Protein chains: 2
Amino acid sequence: MPKSNSHSSTEKHFGHIHNLLQSGTLKQVKHSLRVLTPVQLARVIESSPPHTRSVIWELIGKSARTELIEELPEDIQSFYLAQMNTEDLVELTETLETDDIVDILQNLPDQITQQVLEAMSDQDRERVTAVLAYPENTAGGLTNTDTITVRPKFTLDVVLRYLRRHNELPPSTDSLIVVNKKDMYLGLLPLATLLTKPGDTTVREVMVTDANPISADLDESDVAKLFEQNDWVSAPVVDEQGKLIGRITIDDVVDVIRETADHSFMGAAGLDEEEDTFATTARTTPRRALWLGINLITALLASSVINLFQDTIDKVVALAVLMPIVASMGGVAGSQTLTVVIRGMALGHISRNNLGWLMSREVRVGIINGLLWALVMAGIAGLWFGDWRISFIIAAAMIINLITAALAGALLPIGLKAMRIDPALAGGVTLTTITDVVGFFAFLGLATYFYA
Amino acid sequence: MPKSNSHSSTEKHFGHIHNLLQSGTLKQVKHSLRVLTPVQLARVIESSPPHTRSVIWELIGKSARTELIEELPEDIQSFYLAQMNTEDLVELTETLETDDIVDILQNLPDQITQQVLEAMSDQDRERVTAVLAYPENTAGGLTNTDTITVRPKFTLDVVLRYLRRHNELPPSTDSLIVVNKKDMYLGLLPLATLLTKPGDTTVREVMVTDANPISADLDESDVAKLFEQNDWVSAPVVDEQGKLIGRITIDDVVDVIRETADHSFMGAAGLDEEEDTFATTARTTPRRALWLGINLITALLASSVINLFQDTIDKVVALAVLMPIVASMGGVAGSQTLTVVIRGMALGHISRNNLGWLMSREVRVGIINGLLWALVMAGIAGLWFGDWRISFIIAAAMIINLITAALAGALLPIGLKAMRIDPALAGGVTLTTITDVVGFFAFLGLATYFYA
């Protein structure tokens, strides 16, 4: 249910606070901050350069900080968590859902995690350690233990009276979970069923049982696919024995979907999906430097290929003018194939059964587009340099490079994945190394043959 | 609530069906298809090359097709919709939610849309045309008119009795919507409140009113942000007068989030986010060709810069060996900045207030990393060619190009957006054109000066 003001008004708040920080009194800023919801405050912090962030952090009270911190993206959150003492951390965990506590604990040093766990109530500690046992990127790591369970033998009227004893239901509760005495999962009782079926019906008669609960060890990307395909709002999670651990809610799945998609986009530039837009220069520089260094090595590799053909270039300097075109067209064609295959893998479309068809289509597209643009380029080169040998050489090199690009673009992500290297991260840089090397080699090699 | 089998079992189904299509009888295939849910069938279709798709489409019955079609991604869906006659289309719309009907109608020729609308019941037509009035990418276009509304004066017991008269509630109903006699939005009655508060309480006493409903003309990306920030399952949508139109549910918002994220990733390679992984060669080739053609023009631009310096390259052929390094490092550095800024814009982080800080950080990072790798490259070039003039030239050119890359990467997406050009699509290609041209010009220009 809506709780906050609209998006545009958040932007207004930010502009207002920014102006006050420039020219207003601290008292005015403090007042403006006090009227913001934790979500709005988190957005203002996210959209602020480091200095503004620390001013705002100092100005808001301790209780506002606690509410704010869970709304922050991971990168900024860990920065502030590192500054909190154990006592504050324990207090923070008291208001959060299990999966959010676990996310925070996983960002802390082990020693602090232990201290926070010891300070918790027995019941809370038990619930948190149950979820902590599963890796962060599995269904278990997304599980919230805060659920309402019912037994199959009750009537709906009994369930309704039982719910009245609660002050509220856990967020995103769309179903109660039906379990037996040993907490083994039996089925779901959707609230919609509870509200529309006669009160003297038993839970057993109306519960949904064609629903497979999620195994705690299922990968989070598969969890996201199940939610997307079935339009779930929440789903029960069970351990290997079928015992209920808790449930996963759509808000956490939305975060997984956003992060997975951002990972492909950011990874192509060697960046992390949690990257803070306003990270300091000191934090940003080394992360970017590493990626530039890797690229320098691949660029040197391409240069060393050109180096082999110095004599040919010395004879026909037009080759130096045209050679980047062959490499560039291969890079673009390859990245198109790579993008389609990485996305197809992420959506679970690609398997051994259809990879052959996909590769043959990519090669066919590569040949047709290679022929088309090779012809165009041959014409341009011939008119430009008045030498039809160079037309033939660039056309042949382009066709070779576009076919290479199609094969590399389709096979690389699959090969990298098999080697447990992330294709979203390494795919692009490996691909352009291949298309540069092959492009320069084909073009200059053919030229050496024809101009020898 | 869970309705289908797990992800891995869907993959098993696909392998099984594929094997049967290779070696089994049609009867066996037909039988295997019959046990699949519409969602599983859609996944098998999505993951199949065109020929397999048509075999499956022929084998499943007409009623299975109707259920299947709404589960298919847009690109494949429009292919099958184009083959259906008006009668089938009307039948199809009878089982769908308003926003899904509208999505389908928007994919059809205007004339067919008119025919389908005319064949609908008056009530359905009224609801569908209300939503059709809003552009596809606004809150209005995502709106589902199927809602349950209550009046503020009723007691919760009356509401409970009213719900019992329904056979079921619309999917993803987490709140009833409170309206007055004129259908003006007043607030929300969460099911959780209905189930936990005393039955003699009135709706007015417990309804949530600190919730701003969504305006029908709000952009869909802003709708997604509101859902993400507030962990909503559904939210009411109102027109300019505050009259209730319907509600948006999280499943449609998840699609928006997925599509927006895919758009950035696919757009960088000139591809559409709805791209069908298994589109035919005939469909794929022209789409890719266009992007390759645009890239050829930019590559020719870079070549024409090199062409200016033929005499210098003729004198010092080592320049031809090293020049791609300068261009490539600029391209990589620029794409890092571009990626951070495009993501920051998508998340609503970047505004006039903080753009200055962001640009100055990018330039600082560019200078530091430029100096670092320029130094490394100067050493390598000196050792390689035994000429320290070339070391100085490549180092200076790299620093110039990395600073250019930082400025271009930060300003391009903002400039393109102001010109109403999509940065996700045009950003990368424009950026590398700039870093290629500046890289070649700086490197060869400096060389001409020093070797003249």
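This is a predicted model: local features need pLDDT of at least 70, side-chain atom pairs count only at pLDDT 80 or more; totals for chains, interfaces and linings use all residues.
Local features were taken at pLDDT of at least 70 and side-chain atom pairs only at pLDDT 80 or more, while totals for chains, interfaces and linings use all residues; side-chain values rest on heavy atoms, with hydrogens and water left out. Residues are numbered from 1 along each chain as its sequence is written, and chains are lettered from A in the order in which they are written.

The contact between the chains (heavy atoms within 4.5 Å) involves 137 residues from chain A and 137 residues from chain B. Chain A and chain B bury about 12400 Å² between them, and 63% of this lies on carbon and sulfur atoms. Buried area is the accessible area, taken with a 1.4 Å probe, that two parts lose on being put together, summed over both.

Six salt bridges are counted between chain A and chain B, each defined by a side-chain nitrogen of Lys or Arg within 4 Å of a carboxyl oxygen of Asp or Glu. One of them joins R258(B) to E228(A), with the closest N and O atoms 2.5 Å apart. Helix α18 (residues 318–346) of chain A contributes the most to the side of chain A that touches chain B, giving 18 residues. Helices (H or I, at least four residues) and strands (E, at least two) are DSSP runs, numbered from the N terminus. The side of chain A that touches chain B comprises 68 nonpolar, 41 polar and 28 charged residues. Here Ala, Val, Leu, Ile, Met, Phe, Trp, Tyr, Cys and Pro count as nonpolar, Asp, Glu, Lys and Arg as charged, and the others, Gly among them, as polar.

In chain A, three strands make an open sheet of mixed pairing, in the order β4-β5-β6. Because β4 (214–215) and β6 (244–249) of chain A stand at the edges with a single partner strand each, one side of each has no neighbour in the sheet. Two strands pair if DSSP finds at least two bridges between them. Strand β5 (residues 234–238) of chain A pairs with β6(A) in the antiparallel sense over five bridges, and A235(A) stands opposite I248(A).

Chain B likewise has an open, mixed sheet of three strands in the order β4-β5-β6. Its strand β5 (residues 234–238) runs antiparallel to β6(B), joined by five bridges; L244(B) is the bridge partner of V238(B).

Helix α19 (residues 352–385) of chain B has 34 residues, which should span 50 Å at 1.5 Å a residue; the end C-alpha atoms are 47 Å apart, in agreement. The expected span is 1.5 Å times one less than the number of residues. G386(B), with a positive phi near 55°, follows α19(B).
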